[in-house]
Amino acid sequence: MVDLSIPASRVDPSELAPAQLPLALGVNANRTTRLHFWQAGLTFSATDGTLVNTTEPVAFYNGPMPPAGDIVHDYVFYLFQQEAGFAPPPEDSPFNVNNVNAESMNRMSFSVQRFAQGEGVGDLVAANYIRVQNTGSSSGGGSSENGTAGPTASSSMPSATGGVLAPSPSPFTGSAGRLGVGGVLGSMVLGSVLVLLG
């Protein structure tokens, strides 16, 4: 899952590794990206049509946390075919499993285009998104979105209370057919919703 709406002004390029530069383009020229979740090694079960996971994620899940008062953030889930030659990022990459989970700045400026051109990354099979906005006040403490400042007692933190558009969840039976792809897949896909936090 990649947030395509990080304000580029909140990212100091001098704190990034060469693999993160130039800044990955987000939803427009003033926005960049942040990796929130990366799961490799998913397999497709032909018996029940589900994705099966037996490996640790490359980047552990970090939930959406757009800055208070910012625009709606687009979080996109990508599902790529994973070819036999796929290997996780090397040890010196900020996106290596040991680095991406140790330092939040290593998640910034994740380029889906560069990833898609990597060794062993096959075709894009599916994609979906969620939209999240933190409608809280922009005053107060720092935001943990860019990893440089944690929340303080006066921070406006996203909250699920009072921000859901529907009063209760509605059943969704789905509208997609079975995925006719065998082998190993590389990411998770979820439905699209608009969530307001604040």
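Q: What does buried mean here?
A: Buried means under 20% relative accessible area, exposed means over 50%, and partly exposed lies in between (1.4 Å probe, protein chains only). By that rule, buried residues make up 39% of the 198 residues in the protein chain. This is a predicted model: local features need pLDDT of at least 70, side-chain atom pairs count only at pLDDT 80 or more, and totals for chains, interfaces and linings use all residues. Residues are numbered from 1 along each chain as its sequence is written, and side-chain values use heavy atoms, with hydrogens and water left out.

Q: How many helices and strands does the protein chain have?
A: Helices (H or I, at least four residues) and strands (E, at least two) are DSSP runs, numbered from the N terminus. The protein chain has two helices and eight strands. Their order along the sequence is β-β-β-β-β-α-α-β-β-β.

Q: How do I read contacts across the sequence?
A: A contact means heavy atoms within 4.5 Å. Take pairs of residues at least 6 apart in sequence: 78% of their contacts join residues at least 24 apart.

Q: Which residues of the largest nonpolar core touch the most other members?
A: In soluble globular proteins, nonpolar side chains tend to be buried together. A nonpolar core is a set of buried Ala, Val, Leu, Ile, Met, Phe, Trp, Tyr and Cys residues joined through side-chain atoms within 4.5 Å. The largest one here has 17 residues, and Val-2, Leu-35, Trp-38, Tyr-78, Phe-110 and Phe-115 touch the most other members. Strand 1 (2-7), strand 5 (73-82) and helix 2 (112-116) each supply at least two residues of this core. Strand 5 gives the largest share, three residues. A second, separate core has six residues, including Met-1, Tyr-75, Phe-77 and Val-132.

Q: What does Val-2 touch?
A: Leave out residues up to four places away in sequence, and the contacts of Val-2 include Thr-33, Leu-35, Tyr-78 and Phe-110. Val-2 also stands opposite Leu-35 in strand 2.

Q: How do strand 1 and strand 2 run?
A: Two strands pair if DSSP finds at least two bridges between them. Four bridges join strand 1 to strand 2, and the two run antiparallel. Strand 2 covers residues 31-35, and five of its five residues are buried. Both faces are covered: Arg-31, Thr-33 and Leu-35 lie on one side, Thr-32 and Arg-34 on the other.

Q: How many salt bridges does a search of the whole structure find?
A: A salt bridge is a side-chain nitrogen of Lys or Arg within 4 Å of a carboxyl oxygen of Asp or Glu. The search finds two. One joins the side chains of Asp-70 and Arg-31 (2.8 Å, N to O). This pair links distant parts of the chain, 39 residues apart: Asp-70 is in the loop between strand 4 and strand 5, and Arg-31 is in strand 2. Arg-131 forms a salt bridge with Asp-74, with the closest N and O atoms 2.7 Å apart. Here the partners are 57 residues apart, with Arg-131 in strand 6 (residues 121-134) and Asp-74 in strand 5.

Q: Why does Asp-70 count as buried?
A: Asp-70 counts as buried because its relative accessibility is 13%. Arg-31 is buried too. In the other pair, Asp-74 is buried at 16% relative accessible area, while Arg-131 counts as partly exposed at 32% relative accessibility.

Q: Which side chain makes a polar contact with the side chain of Asp-70?
A: A polar contact is a pair of N or O atoms within 3.5 Å; within protein, one must be able to donate a hydrogen and the other to accept it, and residues adjacent in sequence count only if both atoms are side-chain atoms. The partner is the side chain of His-73 (2.8 Å).
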